[in-house]
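Work through the exercises below with the sequence and the model in view. Each task is followed by a solution in steps.

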Amino acid sequence: MERTFTAERAARAVAEAEGRRIGRPVAHPADKIEYARLLKGQGTSYGEISAKTGIPKTSLHYLAE
């Protein structure tokens with residue numbers, strides 16, 4: 001089992017050195033997140049923001065923090 005973990009760590013280090021992203025894909029693009037924060041700052045409701053950006057309302061609650 002430790003050999004497997006060592007091999008995974010080595011592969012991860014190589015990928016990071018080549019500039020590849022490691023882990024889960026990004027759920028929402030940064031530009032949509034910034035747009036959602038801008039709309040929230042203007043007082044727009046979560047429902048309206050969700051309709052305009054395509055980001056679910058439950059995710060918007062986490063972005064507001």
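**Exercise 1. Confidence**

Which helix has the lowest mean pLDDT among the elements of the chain, and which the highest?

Solution. Start with the kind of model: it is predicted. Next, take the chain as a whole, where the pLDDT averages 91 and 97% of the residues score at least 70. Then go element by element. The lowest mean, 88, belongs to helix H4 (residues 57–63). The highest mean, 95, belongs to helix H3 (residues 46–53).

**Exercise 2. Salt bridges**

Find how many salt bridges the chain has, counting a side-chain nitrogen of Lys or Arg within 4 Å of a carboxyl oxygen of Asp or Glu.

Solution. Begin with the general idea: side chains of opposite charge can pair when their charged atoms come close. Applying the cut-off gives a count of three salt bridges. They are taken here one by one.

- Step 1: Arg9 pairs with Glu2, with 2.9 Å from N to O.
- Step 2: Glu18 pairs with Arg20, and the N to O distance is 2.9 Å.
- Step 3: Arg37 pairs with Glu34 at 3.5 Å, N to O.

**Exercise 3. Placement of the pair Arg37 and Glu34**

Where do Arg37 and Glu34 lie, and how many residues apart are they?

Solution. Both residues belong to helix H2 (residues 30–41). They are three residues apart, about one turn of the helix.

**Exercise 4. Accessibility of the paired residues**

Solution. Two cut-offs are needed: under 20% relative accessible area is buried, and over 50% is exposed.

**Exercise 5. The surroundings of Thr44**

Is Thr44 buried or exposed, and which residues does Thr44 touch, not counting residues up to four places away in sequence?

Solution. First locate the residue: Thr44 sits in the loop between H2 and H3. Its relative accessibility is 10%, so Thr44 counts as buried. With residues up to four places away in sequence left out, Thr44 touches Leu39 and Ile49. Finally, look at Leu39 in detail: its backbone oxygen is 3.0 Å from a polar atom of the Thr44 side chain.

Notes. Residues numbered from 1 in each chain as written. Predicted model: local features only at pLDDT ≥ 70, side-chain atom pairs only at ≥ 80, totals over all residues. Heavy atoms only, no water. pLDDT = per-residue confidence, 0-100. Helix = DSSP H or I, 4+ residues; strand = E, 2+ residues; numbered from the N terminus. Buried < 20%, exposed > 50% of the residue type's maximum accessible area, 1.4 Å probe, protein only. Polar contact = N/O pair within 3.5 Å; in protein donor to acceptor, adjacent residues only side chain to side chain. Contact = heavy atoms within 4.5 Å.
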